[in-house]
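Please look over the sequence and the model before reading on.

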Amino acid sequence: MKKLIWVGCGVAGALCLLYGQVAQIPVTKEGGIPALAIPDFRGAGDAQKFMAAFNETLSGDVRSAGRFKLVPKTSMPIFVPQQPSDFQQKPAPVEAPPPKRGRNAAPAPAVPTNGGGRWMEDWSSPPAQANFLAFGYTATQNGVLVLQGWLFDLSKDMSNAQLIGKRYLGTVDEAGARKVAHEFAADIISLFGGQSMFGTHIYYTSDRTGHKEIWMMDPDGKNQRQITRFSSISTYPTASPDGSKVAFTSWVKGQPAIFIFSVDPVRDLRYYNQAASVNQAGSFTPDGKQIVYASSAGTGRCCRIFIANLDGTGFRPISSSSAIEVEPKVNPKTGSDIVFSSGRSGPQQVYRMNMDGSDVERLTPGTGEASNASWHPDGQRIAFAWTQGYATGAFNVFTMNVASKEYVQLTHGDGKNENPSWAPDGVHLVFAKTRGKSSQIWTMLADGSQLQQLTTTGQNERPVWGK
Amino acid sequence: MFSKRKLSTICLAVTLAMFAAGCKKKVPVQTPPPPPPPPAVVETPRPAAPVVAQFTAEPTSIQRGQSSTLRWEVTGQVTSVSINQGVGTVQSTGSSRVNPADSTTYTLTANGPGGSITASASVNVATPPPPPPPAAPPASTMTIDQRLGSDVQDAFFDYDKTDIRNDARDVLSRNASALKQILSDFPNASIVIEGHCDERGSAEYNLGLGDRRASSAKEFLQGLGVPADRLKTISYGKERPQCTDQNESCWQKNRRVHFAAGQ
C-alpha cells in the first residue's frame, strides 16, 4: 500500500515537474545580489513578431524589482538554449595519447574548453558569470500564444538545476506576449522573495484631453486609459485597498465634491456629499468599507477631517482644529491611525492622530512645508513631500519612520517632486516630478534609485499606486 | 401805278434838284443818274444756342459719405458739354454719381454754334448728427458679466494667508457699492466669489486657502451691506491659475478672490 502511495507521489511530482513547477524556496546567494542572465527569447512562426515586446517586458519587470544584477547581453555566449534538452554535458577531460614520433605524427586531438553556450558552465563562467539563467521560447498552438519558460540555478548540475519550468498562455498579439512575459517575470521575482507589480495599477490625473480627468495605467506606463469623462476638473484620486474602486474630487457639479467610481467596469457608485463648500477625498479604510476625507461641513470653512460610509452616510468629524486639515490617510496595516496635513502650527506640516481624533502629534520638525503623506504597506513608514532646504514650493520626496521620526531624502531637486505613493510591494514609489512647466509621473525604488518616467503627454500628476 | 421804289427815286431826284437849285453856285443842273439799287441781302436763319432740357441732382440732400446722381439732357446743336467740380466732359445726355463731402453746386456748360448755356444743380450735404453722449449708458443694456468686468475688481492676498489686507480692503469696499447696484439691477442674479491660490503649496491645502479667502471676502462685503443670500463662494485652490509663470508677480495675481455671475 505504501509503495502505491509513494509511486503516486512520484508520478504527481513528475507531472508537476513537466507542467508547471515554481519552487517556493527563497534562494539567496552569499556575497550580494544574484546575477541573472536573461538572453533574448525567440518565437516560432507567428510568435516571433511579438518578441521585441516580450523581451522588453521580461527584462524590464525583472530589472525594476531591484533584486538582481542583470548580465549584459554582450557578455552572454553565442548559443542560447531554448529548452533544457539544448544543454549538453561538458565532455570529461580526455587523456591525450603520447605524441608519436615521426613526420606524419597526427596532431593531438583538440579538447574543447567551452561549449559556446551549450554547457551550463558557459553561462556561469566569465564573461557572463551568471548565478541563474532564464531561458525558453514562444510558439503558437491552436490559436494561443504559448511561452515555455525555465529558470536554472547554474551552481547545480543539469539534473538538479531547474527552479522554474512552466507554460504560460496568452493571446496571439503584443498584449498577449507582454502578459506572458509579466507572468514569467512575476514567478522569477517571487522566487527571490519579491513581489511583481504586474496586475497593479497607478491612478493619476491627466489634462491631456483639455480637462483634468482621472486616468489609470500599468506600473510600466503601458495601457494608459481614461476613467472619468466629466470635462471639468477631476483630480486627487485615491485607490481602495482591493483595487476595485477609486475615490476622487470633482468640480463637475459646481462645488468640489467626492466621487467614488468602480474601476472595472467604470461606474459611478454615487457617493452622497454633505452640503459644504468643499468635500475632498482622502483615503479608504483598510477594510474598504469607509472613507476618510476633508470637508468644510459644519464650520463653513475648509477643512476638518471626517469619516463616512462609502455611500456618504454615517458621516462624523474626526478632527476639531480651526486650521486647514486635509489629506487624511488611514494606516493600511493597523487601520488605527491617520496621517494628515495641517496648518495648525503655521505653514502646513505632516501630523498623525488616532482614528478617533485623539493623540495628535506633529511628525515633521516644523521647517518649510510638508504634505502629501503616504503610508508604506507595513504601516510603519510614510513617504511625503517637503520643502526642507529648498525654496517655497520646491518639494522633494522623503521617507520617514513614524515612530522614530527619522527621515531620508530621496530626491534632490531637478524640479519639484511631490505626491509620492508606495507600491503594494513596499519597494517601489510612484511620484510626480515637475520640471519647468511640465509635470510627469515617475517611479523609483525606495532608496531613490532606478528613476523611470512613465508619462509624456500633457500634464500628469497626483499618482497613487493601487492593486 | 408807280412802285414804291420808283416813287422814292423820283422824290430823291426832285429833292436833289431843288437842293442843287438853292446852292449859290449856279451850276447847270443835270439830273443825276439814279443810284444803283441796294444789293440783295440773303438772310440765313440764325442757329439757336443749345438748350438744357434737364439738369438735376437726385437726391438733393444727402448725409456726408452718401452719394447723389446728377442727370442731364442737352438738346440742340451741341459741340461740348461739361460739368465742373471734377465731373468733366460728358455726353449730351447722361448721368453721373457724385460723392461731395460738403454742399456743392454743380454747373453744366453746353457749347454749340449758337452759343453757350449753363445750368446748375446743387447737392446739399448734411453733417451727421452728433452721437449720444457716452457717459452712463442705461444699465439695462450691459450684461451682468460686462458689469462685473468693468465695475468689480479682484482682491489679493499674502502667501498662506486668508485675511483681508489693506489694499484688498479698499478694493472690496469699492466692490461693495458696485455689487449692491448690480444686484439691484439684476434681481434674479447671484454673484460667485471664487477663491484662488498660487501654485506653490500642496493642492488640497490650497483648496482650503481658496475656500477661506472667498469666505473672508464674503463676510467683509456682508458687513458693508451686500445681501449675503445673493453671494455664493467657491474654491478652486490652485486648479485654475490665471497665469503660470514662476515668479512673485504671477503668484500674487493668483492669490486672489474673483467675482463672477452665478449660474
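In this predicted model, A:F132 and A:F192 are both buried, where buried means under 20% relative accessible area, exposed over 50% and partly exposed in between, with a 1.4 Å probe and protein chains only. Local features here need pLDDT of at least 70 and side-chain atom pairs count only at pLDDT 80 or more, while totals for chains, interfaces and linings use all residues; side-chain values use heavy atoms, with hydrogens and water left out. Residues are numbered from 1 along each chain as its sequence is written, and chains are lettered from A and ligands numbered from 1 in the order in which they are written.

**Aromatic rings**

The search of the whole structure finds 24 aromatic pairs over all chains. Rings of Phe, Tyr and Trp (its six-membered ring) pair if their centres lie within 6.5 Å, and planes under 30 degrees apart count as stacked, over 60 as edge-to-face and the rest as tilted. Among these pairs is that of A:F132 and A:F192, which is edge-to-face, with 4.9 Å centre to centre and 85° between the planes. A:F132 lies in strand β5 (residues 132–141) of chain A and A:F192 in the loop between α4 (174–191) and β8 (201–206) of chain A, so this pair ties together parts that are 60 residues apart in sequence. Helices (H or I, at least four residues) and strands (E, at least two) are DSSP runs, numbered from the N terminus.

The rings of A:Y236 and A:W251 have their centres 6.5 Å apart and their planes at 75°, so this pair is edge-to-face. Because A:Y236 lies in strand β11 (residues 234–239) of chain A and A:W251 in the loop between β12 (245–250) and β13 (257–263) of chain A, the pair ties together parts that are 15 residues apart in sequence. A:Y236 counts as buried at 2% relative accessibility, and A:W251 counts as buried at 4%. One aromatic cluster is formed by A:F41, A:F54, A:Y168 and A:F184.

| Charged end | Ring | Distance from ring centre |
|---|---|---|
| A:R208 | A:W215 | 4.2 Å |
| B:R200 | B:Y159 | 4.5 Å |

**Chain A and its backbone**

Chain A has four helices and 31 strands, and buried residues make up 51% of its 467 residues. Most residues other than glycine have a negative phi, and most peptide bonds are trans. The peptide bond from A:P126 to A:P127 is cis, with omega near 0°, and A:P127 lies in the loop between α3 (120–124) and β5 of chain A. The peptide bond from A:C302 to A:C303 is also cis, with omega near -10°, and A:C303 lies in the loop between β16 (290–295) and β17 (304–309) of chain A.

A:E327, which is not a glycine, has a positive phi near 55°; A:E327 is placed in strand β19 (residues 325–330) of chain A and counts as buried at 3% relative accessibility. A:Q450 has a positive phi of about 55° although it is not a glycine, and A:Q450 is partly exposed, with a relative accessible area of 32%.

Note on methods:
Lys NZ or Arg CZ within 6 Å of the ring centre and 35° of its normal.
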